[in-house]
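Subject: Structure handover

Hello,

Please find the structure we spoke about below.

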Amino acid sequence: MSKQKYRDIMDEDLSLAVFHDGLFLLDKPIKDARKLAGMFKGAANIYKLDINENKELCRQLRISTLTYLIYQKGAQIERIEGEVDRVTLQEKLVNLLHPQ
C-alpha cells in the first residue's frame, strides 16, 4: 500500500486498520474484521493489511505482529497489539461514533 493511500485511510472520519500475518486469513481477527466491516458499513471503514505485503509501512509504524490502529479524522485514537475480541472493537467504534 502506498503512503498516500494510508494517509487517506487515516484522514477518514473513522477507520480501523487491522495489520495481520497473511498466512492466517481465516483466523478470528480477520473474521472479526469482516463482521465489523458489515456492521459499520457507511459509518466506519475497516481495512485488513498484510504485514508481509506492507513491510515498509509496518516498519515505519513499528508493527511486527497483529495490531489494530483506530483513526479518527487524521489522528490515531488507539493502538492495540495482539488479539482483541470483536465486541471490544465494536464498543470502541460505537463510542467514537456516538460520544456521550
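Predicted model: local features only at pLDDT ≥ 70, side-chain atom pairs only at ≥ 80, totals over all residues.

Residues are numbered from 1 along each chain as its sequence is written, and side-chain values use heavy atoms, with hydrogens and water left out.

Salt bridges

The whole structure holds 4 salt bridges (a side-chain nitrogen of Lys or Arg within 4 Å of a carboxyl oxygen of Asp or Glu). Helices and strands are DSSP runs numbered from the N terminus (helices H or I, at least four residues; strands E, at least two).

One of the bridges joins K28 to D32, with the closest N and O atoms 2.7 Å apart. These two residues are 4 apart in helix α2, about one helical turn. K28 is partly exposed at 42% relative accessibility, whereas D32 is buried at 6% (buried is under 20% relative accessible area, exposed over 50%, partly exposed in between; 1.4 Å probe, protein chains only).

R59 and E56 form another, at 2.5 Å between the closest N and O atoms. Both sit in helix α3 (residues 55–61), 3 residues apart. R59 is exposed at 54%, and E56 is partly exposed at 42%.

K92 and E78 also meet in a salt bridge (3.0 Å, N to O). This pair links distant parts of the chain, K92 being in helix α4 and E78 in strand β4 (residues 75–81), 14 residues apart.

Core

The largest nonpolar core has 16 residues, and L16, Y68, L89 and L93 have the most contacts inside it (a nonpolar core is a set of buried Ala, Val, Leu, Ile, Met, Phe, Trp, Tyr and Cys residues joined through side-chain atoms within 4.5 Å). Two or more residues each come from β1 (15–20), α2, β3 (67–72) and α4. The largest share, 3 residues, is from α4.

Charged patches

Patches are made of residues with over 30% relative accessible area and no salt bridge, like charges being joined within 9 Å. Lys and Arg count as positive, Asp and Glu as negative.

The positive patch consists of K31, R34, K35 and K48. Helix α2 (residues 28–39) gives the largest share, 3 residues, while K48 lies in strand β2 (residues 45–50).

D21, D27, E83, D85 and E91 form a negative patch. E91 belongs to helix α4 (residues 86–97) and is partly exposed at 48%.

Regards

Notes. Patch = residues over 30% accessible without salt bridge, like charges linked within 9 Å, V, L, I, M, F, W, Y side chains within 5 Å. Areas by Shrake-Rupley, 256 points an atom, 1.4 Å probe, with all protein chains shown as cover. Charge placed at Lys NZ, Arg CZ, Asp CG, Glu CD.
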